[in-house]
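Have a look at the model first.

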Amino acid sequence: MSSIRDARPGDVPAILGLIRDLAAYEREPDAVKNTEDLLHRHLFGPDARVSAHVVEDVLPGADGPSVVGTAIWFLSYSTWEGVHGIHLEDLYVHPGARGAGHGKALLRNLARIAVERGYARVEWSVLDWNEPAIGFYDALGASSMDGWTVRRLDGRALLEVGGPR
(Lines give C-alpha, C1' and ligand atoms only; values in the text may rest on other atoms or scores of the structure.)
Protein backbone atom coordinates (compact mmCIF):
# COMPACT_ATOMS: atom_id res chain seq x y z
CA MET A 1 0.00 0.00 0.00
CA SER A 2 1.36 3.39 -0.98
CA SER A 3 1.97 6.01 1.67
CA ILE A 4 1.35 9.35 -0.05
CA ARG A 5 2.03 12.56 1.83
CA ASP A 6 2.92 16.19 1.27
CA ALA A 7 6.63 16.67 0.78
CA ARG A 8 8.53 18.00 3.79
CA PRO A 9 11.76 20.04 3.84
CA GLY A 10 13.76 16.96 4.81
CA ASP A 11 12.61 15.26 1.57
CA VAL A 12 14.40 17.76 -0.67
CA PRO A 13 17.57 15.65 -1.21
CA ALA A 14 15.50 12.59 -2.14
CA ILE A 15 13.22 14.60 -4.44
CA LEU A 16 16.21 16.16 -6.20
CA GLY A 17 17.69 12.67 -6.60
CA LEU A 18 14.46 11.51 -8.25
CA ILE A 19 14.50 14.57 -10.53
CA ARG A 20 18.05 13.65 -11.60
CA ASP A 21 17.01 10.03 -12.16
CA LEU A 22 14.11 11.20 -14.33
CA ALA A 23 16.43 13.42 -16.37
CA ALA A 24 18.75 10.46 -16.97
CA TYR A 25 15.78 8.29 -17.99
CA GLU A 26 14.65 11.03 -20.39
CA ARG A 27 18.15 11.04 -21.95
CA GLU A 28 19.09 14.45 -20.51
CA PRO A 29 21.34 13.49 -17.56
CA ASP A 30 23.25 16.78 -17.56
CA ALA A 31 20.22 19.08 -17.98
CA VAL A 32 19.28 19.42 -14.30
CA LYS A 33 20.45 22.78 -12.95
CA ASN A 34 18.22 22.63 -9.89
CA THR A 35 19.87 22.50 -6.47
CA GLU A 36 18.66 21.57 -3.00
CA ASP A 37 18.58 25.26 -2.06
CA LEU A 38 16.50 26.22 -5.12
CA LEU A 39 14.13 23.30 -4.70
CA HIS A 40 13.68 24.08 -1.00
CA ARG A 41 12.93 27.72 -1.79
CA HIS A 42 10.37 26.89 -4.48
CA LEU A 43 8.62 24.20 -2.44
CA PHE A 44 8.78 25.72 1.05
CA GLY A 45 9.91 29.35 0.81
CA PRO A 46 7.71 32.38 1.54
CA ASP A 47 6.73 32.71 -2.14
CA ALA A 48 6.46 28.95 -2.83
CA ARG A 49 4.33 28.27 -5.89
CA VAL A 50 5.28 24.64 -6.47
CA SER A 51 3.90 21.65 -4.59
CA ALA A 52 5.14 18.11 -4.23
CA HIS A 53 3.84 14.86 -2.89
CA VAL A 54 5.99 11.87 -2.17
CA VAL A 55 5.41 8.18 -1.75
CA GLU A 56 7.39 6.13 0.73
CA ASP A 57 8.17 2.44 0.51
CA VAL A 58 10.93 0.03 1.44
CA LEU A 59 13.27 -0.73 -1.44
CA PRO A 60 14.79 -4.21 -1.62
CA GLY A 61 17.79 -4.38 0.69
CA ALA A 62 16.89 -1.17 2.54
CA ASP A 63 16.53 -0.99 6.33
CA GLY A 64 13.37 1.08 6.31
CA PRO A 65 11.05 3.22 4.23
CA SER A 66 12.39 5.96 2.01
CA VAL A 67 11.01 8.34 -0.60
CA VAL A 68 10.66 6.26 -3.77
CA GLY A 69 8.42 8.49 -5.87
CA THR A 70 7.27 12.04 -6.32
CA ALA A 71 4.68 14.18 -8.07
CA ILE A 72 5.77 17.80 -8.50
CA TRP A 73 3.08 20.20 -9.63
CA PHE A 74 1.78 23.75 -9.76
CA LEU A 75 -1.50 25.48 -10.53
CA SER A 76 -2.52 26.31 -14.05
CA TYR A 77 -5.54 28.35 -15.10
CA SER A 78 -8.11 27.81 -17.83
CA THR A 79 -9.52 31.01 -19.24
CA TRP A 80 -12.25 29.00 -20.96
CA GLU A 81 -13.28 27.06 -17.86
CA GLY A 82 -12.68 29.98 -15.51
CA VAL A 83 -11.00 27.79 -12.91
CA HIS A 84 -7.60 26.45 -11.97
CA GLY A 85 -6.13 23.13 -12.92
CA ILE A 86 -3.04 21.19 -11.91
CA HIS A 87 0.00 21.03 -14.15
CA LEU A 88 2.00 17.95 -13.25
CA GLU A 89 5.63 18.79 -13.97
CA ASP A 90 7.19 15.50 -12.87
CA LEU A 91 5.84 12.11 -11.92
CA TYR A 92 8.59 9.63 -11.17
CA VAL A 93 8.89 6.39 -9.25
CA HIS A 94 12.23 4.73 -8.55
CA PRO A 95 12.64 1.68 -10.85
CA GLY A 96 13.04 -0.61 -7.83
CA ALA A 97 9.62 0.47 -6.54
CA ARG A 98 7.65 0.26 -9.79
CA GLY A 99 4.77 -2.11 -10.20
CA ALA A 100 3.49 -1.53 -6.66
CA GLY A 101 0.90 1.09 -7.63
CA HIS A 102 2.88 4.13 -6.49
CA GLY A 103 2.53 6.09 -9.74
CA LYS A 104 -1.19 5.42 -9.86
CA ALA A 105 -1.54 6.44 -6.22
CA LEU A 106 0.30 9.73 -6.87
CA LEU A 107 -1.97 10.52 -9.83
CA ARG A 108 -5.10 9.56 -7.87
CA ASN A 109 -3.96 11.93 -5.13
CA LEU A 110 -3.64 14.81 -7.61
CA ALA A 111 -7.01 13.96 -9.17
CA ARG A 112 -8.58 13.95 -5.70
CA ILE A 113 -7.10 17.39 -4.97
CA ALA A 114 -8.44 18.70 -8.30
CA VAL A 115 -11.92 17.32 -7.62
CA GLU A 116 -12.03 18.58 -4.02
CA ARG A 117 -10.94 22.08 -5.04
CA GLY A 118 -13.18 22.31 -8.11
CA TYR A 119 -10.31 22.38 -10.59
CA ALA A 120 -11.07 21.54 -14.21
CA ARG A 121 -8.16 19.24 -15.03
CA VAL A 122 -4.81 17.64 -14.35
CA GLU A 123 -2.43 17.99 -17.29
CA TRP A 124 1.13 16.95 -18.07
CA SER A 125 3.47 16.28 -20.95
CA VAL A 126 5.02 12.96 -21.88
CA LEU A 127 7.78 12.31 -24.38
CA ASP A 128 6.40 10.66 -27.52
CA TRP A 129 8.93 7.81 -27.30
CA ASN A 130 8.06 6.93 -23.69
CA GLU A 131 5.71 4.06 -24.53
CA PRO A 132 5.61 2.61 -20.97
CA ALA A 133 4.44 5.95 -19.56
CA ILE A 134 1.96 6.51 -22.40
CA GLY A 135 0.49 3.04 -21.83
CA PHE A 136 0.26 3.71 -18.09
CA TYR A 137 -1.52 7.04 -18.65
CA ASP A 138 -3.86 5.56 -21.27
CA ALA A 139 -4.81 2.76 -18.86
CA LEU A 140 -5.90 5.42 -16.36
CA GLY A 141 -8.13 7.06 -18.96
CA ALA A 142 -5.91 10.07 -19.71
CA SER A 143 -6.44 11.49 -23.17
CA SER A 144 -3.94 12.85 -25.64
CA MET A 145 -4.25 16.47 -26.70
CA ASP A 146 -4.26 15.74 -30.43
CA GLY A 147 -3.73 18.80 -32.55
CA TRP A 148 -1.72 20.59 -29.86
CA THR A 149 2.04 21.04 -29.93
CA VAL A 150 4.03 22.08 -26.90
CA ARG A 151 6.11 25.18 -27.61
CA ARG A 152 8.95 26.56 -25.53
CA LEU A 153 10.88 29.82 -25.51
CA ASP A 154 14.20 29.37 -23.69
CA GLY A 155 17.94 29.97 -23.93
CA ARG A 156 19.08 32.42 -26.56
CA ALA A 157 15.59 32.84 -28.01
CA LEU A 158 14.20 33.78 -24.60
CA LEU A 159 16.93 36.37 -24.14
CA GLU A 160 16.35 37.80 -27.59
CA VAL A 161 12.60 38.14 -27.04
CA GLY A 162 12.60 39.15 -23.37
CA GLY A 163 15.92 40.89 -22.92
CA PRO A 164 16.51 44.61 -22.69
CA ARG A 165 15.77 46.64 -25.78
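Q: What makes β4 stand out in the lining of the largest pocket?
A: β4 (83-93) gives that lining its largest share, seven residues. It's called a strand because strands are DSSP runs of E with at least two residues, helices being H or I runs of at least four, all numbered from the N terminus. This is a predicted model, with local features needing pLDDT of at least 70, side-chain atom pairs counting only at 80 or more, and totals for linings using all residues. Residues are numbered from 1 along each chain, and side-chain values use heavy atoms, leaving out hydrogens and water.

Q: Why is the space of about 1,800 Å³ called a pocket?
A: Because a pocket is an open set of points on a 1 Å grid where a 1.4 Å probe fits, with protein on both sides within 12 Å along at least five of seven lines. The volume is the space filled by probe spheres set on those points, joined across faces, edges and corners.

Q: What makes a residue part of the lining?
A: An atom within 4 Å of a point. The largest pocket has 46 such residues, with Leu22, Glu26, Glu89, Asp90 and Ser125 closest to its centre.

Q: Which class has 25 residues in that lining?
A: Nonpolar, beside 10 polar and 11 charged. Nonpolar means Ala, Val, Leu, Ile, Met, Phe, Trp, Tyr, Cys and Pro, charged means Asp, Glu, Lys and Arg, and the others, Gly among them, are polar.

Q: What about the second largest pocket, and which element gives most to its lining?
A: α4, with three residues. That pocket has about 730 Å³ and 17 lining residues, including Trp124 and Met145.
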